[in-house]
Amino acid sequence: MNDHGLAARLATRAGDLLLDVRAEFADASVDERKAAGDKRSHDFLTAELAEQRPGDAVLSEEGADDPVRLRSQRVWIVDPLDGTREFSELGRDDWAVHVALWQSGELVAGAVALPAQNTTLATPDVAAPMRFDGPPRIVVSRTRPPAIALAVRDKLGGTLVEMGSAGAKVASLIQGFSDVYVHAGGQYEWDSAAPVAVARAAGLHCSRIDGSPLVYNRDDPTLPDLVVCRPELAEAVLAVTGAE
């Protein structure tokens, strides 16, 4: 199985496990449900990658950061459960599983599973979203939309779409449900690696808010800001977010 297929299969299977956790812990506390979901998905992904790609390094939100990844040519960047809060709220579908492969300086494969939507978006063959002719739809957190996203909305005459996890937000652009995602409140590489890999394959613009490239597998895995948007909106969005 090639790397694209493996990313898609692992993200999908981890998502199935998370749906099982949701059912198993339906009557448990929210904290127990979150902890069980994070652990079961992480354990599955790391075990499968160790078996399927034993020579590759792994950077996971739920695992210890092994510095061997900085000397590796191939690093899997995974978020076993993106949107833990939404996962813990039974009935919500805006959470995801991220599996991406970084190789020699670039993201080369990725998959975002949306288990509660029975959907997995994966490289290399991702359909570009259909063009939307209405006001730009700016996807934001449902609890605390960042000021920069509000500024983009005001400048572009757009509307807000509230949603949970970062993966679900980027997926909504690929699915044609929104047009712009701007984040400047702090994230890590695992929050965006797989979504960015898939968004790029769909022809979307992806960058830092200053327009500079998104760089992965760095010593410090923090990656605090990003822009994902339709390419025809990139210039206008970056004019607001601070690109030179």
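I looked up the bridge partner of I138 in strand β8 and found V180. Strands are DSSP runs of E with at least two residues, helices are runs of H or I with at least four, and both are numbered from the N terminus.

Before going on, I noted that this is a predicted model, where local features need pLDDT of at least 70, side-chain atom pairs count only at pLDDT 80 or more, and totals for chains, interfaces and linings use all residues. Residues are numbered from 1 along each chain as its sequence is written, and side-chain values use heavy atoms, with hydrogens and water left out.

**Around β8**

I checked the neighbours of β8 next. Strand β6 (residues 137-141) runs parallel to β8, joined by two bridges. Strand β10 (residues 226-229) runs antiparallel to β8, with four bridges. I traced Y181 to its bridge partner in β10, V228.

Then I asked which residues of β8 (residues 180-183) are buried on each side. Buried means under 20% relative accessible area, exposed over 50%, and partly exposed in between (1.4 Å probe, protein chains only).

**Helix α5**

I went through α5 (residues 166-174) and found nine of nine residues buried, so the helix is largely enclosed by the rest of the structure. The buried set includes K169 and S172. Just after α5, G176 takes a positive phi of about 85°.

**S88**

I found S88 in helix α3 (residues 84-88). S88 counts as buried because its relative accessibility is 4%. Leaving out residues up to four places away in sequence, S88 touches V30, R33 and K34. Contact means heavy atoms within 4.5 Å.

**Whole protein**

I counted seven helices and 10 strands. Buried residues make up 53% of the 244 residues. Among contacts between residues at least 6 apart in sequence, 64% join residues at least 24 apart.

The C-alpha trace spans about 50 × 45 × 30 Å along its principal axes.

Terms used
Two strands pair if DSSP finds at least two bridges between them.
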